[in-house]
Amino acid sequence: MTTCRITVSAKVFVLLLAVLASGLSGCKGSAIPGLTTPDLALSTPAPLPGPGQFFPPGAGRAPPGVPVVPHATYTLDAGDRVRIIVFGQQNLSNVYTVSANGTVSVPLIGEVRARGLTAAEVARQVARRLRSQYIKDPKVTAEVITYRPFYILGEVTRPGQYPFASGLTVENAVAVAEGYTPRAKKRFVRLTRSFDGVMSTVMVPTDYPVQPGDTIYVLQRLF
């Protein structure tokens, strides 16, 4: 009888260890059984650095973890809206949206690369193209007027796409989505961010700053 009880207890212990290991593997990027996880959160090449840490080459010019503000280091991507002004050329001065292929379409010169560039770099590209074909000495400026949205999915009341605001944290984003569901895991979330078109995913705490274009996935707790 004693041997039987010990055997049953050992089986229960092994089962609990298996469940715990499954939960920990989810934190490392593997799927948790029974949880619907976006493909982009499972097939990304590298984790994001933490706040203040070095970021990978080609990852853009603003370190992750620093709230995005409208300054010269912000790099553009699909969904951003940029005001380009060509002085003395009303037909060229307009607000342009960065397309899904990472470009803006400017009259006369056509598609101009924007993804991964700052607004100032886009202005220089436009000026160079105009100078080579149409205007002797063009004066061009560009500024971001609307950031691309962020996305929040998973265990929140209203998952979806929302406008970005400077200084936004994961906790603020959850509030925008009308809070957690009863089954939400509340200490950490899965955050996916694009570095020049390459997606990268990491588990972050709820006070982690959000950047434009981020996808936040609130996981379901196991118990």
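This is a predicted model: local features need pLDDT of at least 70, side-chain atom pairs count only at pLDDT 80 or more; totals for chains, interfaces and linings use all residues.

Biologist: Fine. How many salt bridges does a search of the whole structure find?

Modeller: The search finds 6 salt bridges. One of them joins R158 and E178, with N to O at 3.5 Å.

Biologist: Which parts does that pair tie together?

Modeller: R158 is in the loop between β6 and β7 (160-162), and E178 is in the loop between α3 (170-176) and β8 (188-195), so the pair ties together parts 20 residues apart in sequence.

Biologist: And is R158 buried, exposed or partly exposed?

Modeller: R158 has a relative accessible area of 49%, so by the cut-offs above it counts as partly exposed. E178 is partly exposed too, at 47%.

Biologist: OK, another pair. What does R148 form a salt bridge with?

Modeller: With D80, and the closest N and O atoms are 2.5 Å apart. That pair links distant parts of the chain: R148 sits in the loop between β5 (140-146) and β6 (150-154), D80 sits in the loop between α1 (2-27) and β1 (81-86), and they are 68 residues apart.

Biologist: Buried or exposed, that R148?

Modeller: R148 is buried, with a relative accessible area of 11%. D80 is buried as well, at 0%.

Biologist: Where does E143 come in, and what is its partner?

Modeller: E143 forms a salt bridge with R83, the closest N and O atoms being 2.9 Å apart. Here E143 is in strand β5 and R83 in strand β1, 60 residues apart, so to speak a link between distant parts of the chain. E143 is partly exposed at 40% relative accessible area, and R83 is partly exposed at 31%.

Biologist: Switching topic: what span does helix α2 reach from its first C-alpha to its last?

Modeller: Helix α2, residues 119-133, has 15 residues and reaches 22 Å, close to the 21 Å expected at 1.5 Å a residue.

Biologist: Which residues in α2 are buried?

Modeller: A119, E121, V122, A123, Q125, V126, A127 and L130. As a general point, an α-helix has 3.6 residues a turn, so residues three or four places apart point the same way.

Biologist: And what covers the buried residues of α2?

Modeller: The cover includes β1, β3 (103-106), β4 (110-113) and β5.

Key: Residues are numbered from 1 along each chain as its sequence is written. Side-chain values use heavy atoms; hydrogens and water are left out. A salt bridge is a side-chain nitrogen of Lys or Arg within 4 Å of a carboxyl oxygen of Asp or Glu. Helices (H or I, at least four residues) and strands (E, at least two) are DSSP runs, numbered from the N terminus. Buried means under 20% relative accessible area, exposed over 50%, partly exposed in between (1.4 Å probe, protein chains only). The expected span of a helix is 1.5 Å times one less than its number of residues. Contact means heavy atoms within 4.5 Å.
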